[in-house]
Amino acid sequence: MIIIGEKINGSIPSVAEAIAAQNADFIRNRAIAQAKAGATFIDCCASVPEAEEHDTLKWMIGCIQEATKLPISLDSPSADVLLQTFPCCKRPGLINSVSGEGDKIDKIFPAIADTSWEVICLLSDDSGIPRTAADRLKVFDHILKKAGEYRIDVRRLHIDPLVEMLCTSEDGIAMNTEVIRTIRKRCPDIHITAAVSNISFNLPVRKMINLGFTVLAMNAGLDSAILDPTNRDMMGVIYATEALLGQDDYCMEYIAAYRDGIFGPRK
């Protein structure tokens with residue numbers, strides 16, 4: 001599983017305070033903790049007004065790169081900010097994100113075409129978030145077409161089917177799993193990602209919903225996720241699910257992660 005560590009995001013009050021105070025140690029320590037916990041990418045999101053975003057992200061990127069060599073998931077709703085900021089990263093990472101909305105793809109894809117940067121692609125368009133699996137898959141078709149036009153290999157795409165709150169859903173995660181299974185069947189080499197915690201908004205004991213969703217989504221074909229890698233229960237469930245799905249020969253990765261203290265009793 002590709003783990004995109006979510007803990008350096010200005011929408012989190014403690015991170016917002018650190019950004020406002022230019023508390024570099026706080027940002028560095030969060031990056032180190034997520035790296036030690038098994039993250040693949042460190043997400044970096046400022047959540048400040050767009051006029052301040054480039055400078056803020058540049059400072060945050062510097063803090064993270066001082067702390068770890070893991071690649072950065074550069075997170076902004078603005079394609080212009082992403083274009084302006086991704087050259088600040090020392091090594092290729094993950095653009096978070098593009099969608100079928102507006103001209104985001106036509107700005108980002110040509111900029112990263114001849115690089116090793118990967119990119120999260122949301123299955124939304126100018127009409128918003130499609131209400132059916134069929135309509136989300138139409139956005140997926142559009143993204144694939146654009147990827148072909150700009151020579152973006154599908155192995156660099158992380159398709160996000162857009163997980164919404166379970167408490168407002170009439171069919172649980174049936175639509176999401178249909179989208180995930182269909183994409184996985186059509187494109188075995190593509191990545192499929194999700195912001196795991198979105199599923200549990202406004203519900204009590206959210207971690208239980210998050211854990212259950214992760215297992216079901218991985219069974220459908222999810223291989224990438226935006227989550228808190230320092231959540232030891234979540235990491236244990238991910239390694240266990242990979243083993244149960246036959247993705248971990250002789251459970252060697254599960255055993256190694258346990259020995260390394262990624263999950264299980266604290267050592």
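Does Ser124 count as buried or exposed, and at what relative accessibility? At 9% relative accessibility, Ser124 counts as buried (buried is under 20% relative accessible area, exposed over 50%, partly exposed in between, with a 1.4 Å probe and protein chains only). The model is predicted: local features need pLDDT of at least 70 and side-chain atom pairs count only at pLDDT 80 or more, while totals for chains, interfaces and linings use all residues. Residues are numbered from 1 along each chain as its sequence is written, and side-chain values use heavy atoms, with hydrogens and water left out.

View 1. Helices (H or I, at least four residues) and strands (E, at least two) are DSSP runs numbered from the N terminus. Leaving out residues up to four places away in sequence, Ser124 touches Ser99, Gly100, Glu101, Ile129, Pro130, Val139 and Leu162 (contact means heavy atoms within 4.5 Å). Strand β5 (residues 118-125) runs parallel to strand β6 (residues 157-160), joined by 4 bridges. Leu122 has Asp160 as its bridge partner in β6.

**View 2. The open sheet of 8 strands.** The strand order is β7-β6-β5-β4-β3-β2-β1-β8, with parallel pairing (two strands pair if DSSP finds at least two bridges between them). β7 (191-192) and β8 (224-227) stand at the edges with a single partner strand each, so one side of each is left without a neighbour in the sheet. Strand β1 (residues 2-5) is joined to β8 by 4 bridges, and the two run parallel. Ile2 has Ser224 as its bridge partner in β8.

View 3. Axes are lines fitted to C-alpha atoms, for helices over the stretch in contact, and angles run from 0 to 180 degrees between N-to-C directions.

**View 4. Packing of helix α7 on helix α8.** Helix α7 (residues 174-186) and helix α8 (residues 206-220) pack at an angle of about 30 degrees, with axes 8 Å apart. That makes α7 roughly parallel to α8 (angles under 35 degrees count as roughly parallel, over 145 as roughly antiparallel, 65 to 115 as roughly perpendicular and the rest as oblique). From α7, Thr177, Ile180, Arg181 and Arg184 make the contact, and from α8, Leu216, Ala217, Asn219 and Ala220. Asn210 also lies in helix α8 and is buried, at a relative accessible area of 12%.

**View 5. Leu157 and the largest nonpolar core.** A nonpolar core is a set of buried Ala, Val, Leu, Ile, Met, Phe, Trp, Tyr and Cys residues joined through side-chain atoms within 4.5 Å. Of the 73 residues in this core, Phe109, Leu157, Ile159 and Ile183 touch the most other members. Leu157 touches Phe109, Val119, Cys121, Leu144, Ala147, Ile152, Ile190 and His191, not counting residues up to four places away in sequence. Another core, of 7 residues, lies apart from it, with Leu94, Ile120, Ala195 and Ile226 among them.

**View 6. Leu94 in strand β4.** Leu94 is buried, with a relative accessible area of 0%. The C-alpha atoms of Leu94 and Ile4 are separated by 9.2 Å, and the two residues are 90 residues apart along the chain. Beyond its neighbours within four places in sequence, Leu94 has contacts including Ile4, Phe41, Trp117 and His158.
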